[in-house]
Amino acid sequence: MPYFEYRKFDENIEYYEILETLMQRWEYEIVEFKEAKGSYDTDKIGRYFSAISNEANLRQQQYGWLIFGVGEQAKEKQVVGTSFKKGDKSILERFKYEISRDTANGMTFYDIIEIFPTVNGKEHRVLMFKIPAAATGIPTDWKTNYYERAGESLVPLKQYKIDAIRSQERRDWSKQVLEQAGIEHLDKDAIVLAREKYKGKMNQEHIFKEVDAMSDEQFLTKIKLMIGGKITHAGMLLLGNSDYDYMFQSAPSIMWRLYGADNMDRDYAIFKIPFINVVDKVFAKVRNLTYRYMPNQMTLFPMETEQYDGWLMRELLNNCIAHTNYQLGGRIYVNEFEDRLKFTNPGDFIPQKIEHVLEASYSPPFYRNQLLAESMAAFHMIDTATLGIRRAYNIQKAKYFPMPDYNVSSGTQVEVTIYGKTLNDSYMHILYDHQDLDLQTVFLLDRIQKGLPVEKEDVDRLRGQKLVEGRMTSLYLSASAAKSIDESTNYIKNKGFDDKYYKDLIVEYLKQYKKARKKDIRELLWDKLPNVLSGVQKENKIHNLLASLKRQGIIGKDSENQQQSNWVLK
């Protein structure tokens, strides 16, 4: 149903159609409706001008809209009319100039369109302020402050959005060339490896032939690591000979440090360029031990896994390499503790909050080192589809391990910690028993097990799923979730399993230990048999299970001597 009527041959018909379309969609980041029946604060209009202009730039739109004379509440969606700056058209022109005086580069509205839609036979005056997008590389300010939209509110423009706009003009550091560096300053083995990795990533026969036919200079020029015969920062970082790392203003490096149980440093090593093969060198130092744990109370054998997933370690270190702000100096660190690894790199975290990255629809606003990121993706070192961090979280989730911790509070350093062991049995049991929990929910449960703050609306959602209990200041695993574990245990203890379960346990035991005496089988099954059975009944049950497996030809004795024989798999 249309919100208003208008003359189909009006000279402003285009704007009537735009207004109707905008009202159907209602408000979003580059559109704001205000009743403004009379006067309206100029300062607030200026803040809306800044916010909508910046949001339009970030969304690659040419302009946005501030509209006066339309009901603000979505449930109303009606034209109400405005008398703001009513009168001679020169009044609106003077207002455009008034806005321009308080923006740094004199920006103002493209236009202020005055239209008169009809509702119930009555005309209502509507003003449509057409706001230009922020200029390339220059955020739009109002009285020296930058603004953005947050729902229906106006808030200061976040730093990563300021950086995103400014980066449109800022040159990519990794694409800049080192004036004195040439092909002779690169590591020949690193170039060979780059060729192989590139061909492996492309995985097409004609590209294999093309790359093989190229000289090193042609290949590096093709992938933009050489420009005009000179080596880029990205090229030197990935493929450079460490003897020439002085060509950088601040030589990049990675330091591995080992800490003991007392948190005192025990060992260290420093790694220089080329970074294309540095990851394997760093992780050759890391002690990746086998960790055994019981993810569920009903399992017989412990789960075994390496403390740290190989892909996960490589992804995190390669992300450090790709996203470091090398202009800050400093170095990348891999700190190894007994139960965790901590990665740190100079630079701020562009998404600002890790929760943003865990959303399935997330895409980064920009890459700090665009050419470096593209090159590393071409060499199969990182994932530029923003799936890497989500996959890292999913790896830890699949192991029932704590989620990675991202500390980005300093604004000049990103710190990521991954754990090589479990922290809380209740958390582990919930993940085991609720395999379908989404990543955002597991992230919140992880924060609770670590005693970290959680937003009230998130706590309410977890309560709705009966996963947590307690006050906001002392949340813990829900009694109903814990109870379900205990009740299932008690139920099994009284009811027992079917015979196949017990037979499978016997077979698995023999697979692992090769042979077993009857007393071994008794110890294996005794506590798992129903509590309602007497000792004699349990003995008979075990005898019958062994006899059944023997009749099926699955197990047998390894000796005719009954007193010395063992049960073995046939």
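**Exercise 1. Is Phe68 buried or exposed, and what is its relative accessible area?**

*Solution.* The structure under study is a predicted model. Phe68 has a relative accessible area of 0%. A residue counts as buried under 20%, so Phe68 is buried.

**Exercise 2. Classify the ring pair formed by Phe68 and Phe129, and state which parts of the chain the pair ties together.**

*Solution.* Step 1. A pair of aromatic rings is described by the distance of the centres and the angle of the planes.

Step 1. The structure holds 28 aromatic pairs. For Phe68 and Phe129, the ring centres are 5.1 Å apart and the planes stand at 70°.

Step 2. Rings pair if their centres lie within 6.5 Å, and planes over 60 degrees apart count as edge-to-face. The pair of Phe68 and Phe129 is therefore edge-to-face.

Step 3. Phe68 belongs to strand E2 (residues 63–68), and Phe129 to strand E6 (residues 126–132). The pair therefore ties together parts that are 61 residues apart in sequence.

Step 4. Phe129 also counts as buried, at 0% relative accessibility. Both Phe68 and Phe129 are members of one aromatic cluster, which includes Tyr40, Phe49 and Phe84 among its other residues.

**Exercise 3. Identify the ring over which the charged end of Lys130 sits, and the ring over which Arg340 lies.**

*Solution.* Step 1. The charged end of Lys130 sits over the ring of Tyr63, at 4.4 Å from its centre.

Step 1. Arg340 lies over the face of Phe337, and the distance to the ring centre is 4.1 Å.

**Exercise 4. Describe the setting of Ser100.**

*Solution.* Step 1. Ser100 is part of helix H3 (residues 89–100).

Step 1. Its relative accessible area is 15%, so Ser100 is buried.

Step 2. With neighbours within four places in sequence left aside, Ser100 is in contact with Gly106, Met107 and Thr108.

**Exercise 5. State the volume of the second largest pocket and the element that gives the largest share of its lining.**

*Solution.* Step 1. The volume of the second largest pocket is about 700 Å³.

Step 1. It is lined by 29 residues, and those closest to its centre are Lys353, Ile354, Glu355, Phe443 and Arg447.

Step 2. Helix H15 (439–449) is one of the elements that give two or more residues to this lining. The largest share, five residues, comes from H15.

How values were computed:
Residues numbered from 1 in each chain as written. Predicted model: local features only at pLDDT ≥ 70, side-chain atom pairs only at ≥ 80, totals over all residues. Heavy atoms only, no water. Phe/Tyr/Trp six-rings, centres within 6.5 Å; stacked < 30°, edge-to-face > 60°. Helix = DSSP H or I, 4+ residues; strand = E, 2+ residues; numbered from the N terminus. Buried < 20%, exposed > 50% of the residue type's maximum accessible area, 1.4 Å probe, protein only. Lys NZ or Arg CZ within 6 Å of the ring centre and 35° of its normal. Contact = heavy atoms within 4.5 Å. 1 Å grid on protein atoms, 1.4 Å probe; cavity = no way out; pocket = protein on both sides within 12 Å on 5 of 7 lines; lining within 4 Å. Points joined across faces, edges and corners; volume = space filled by probe spheres on them.
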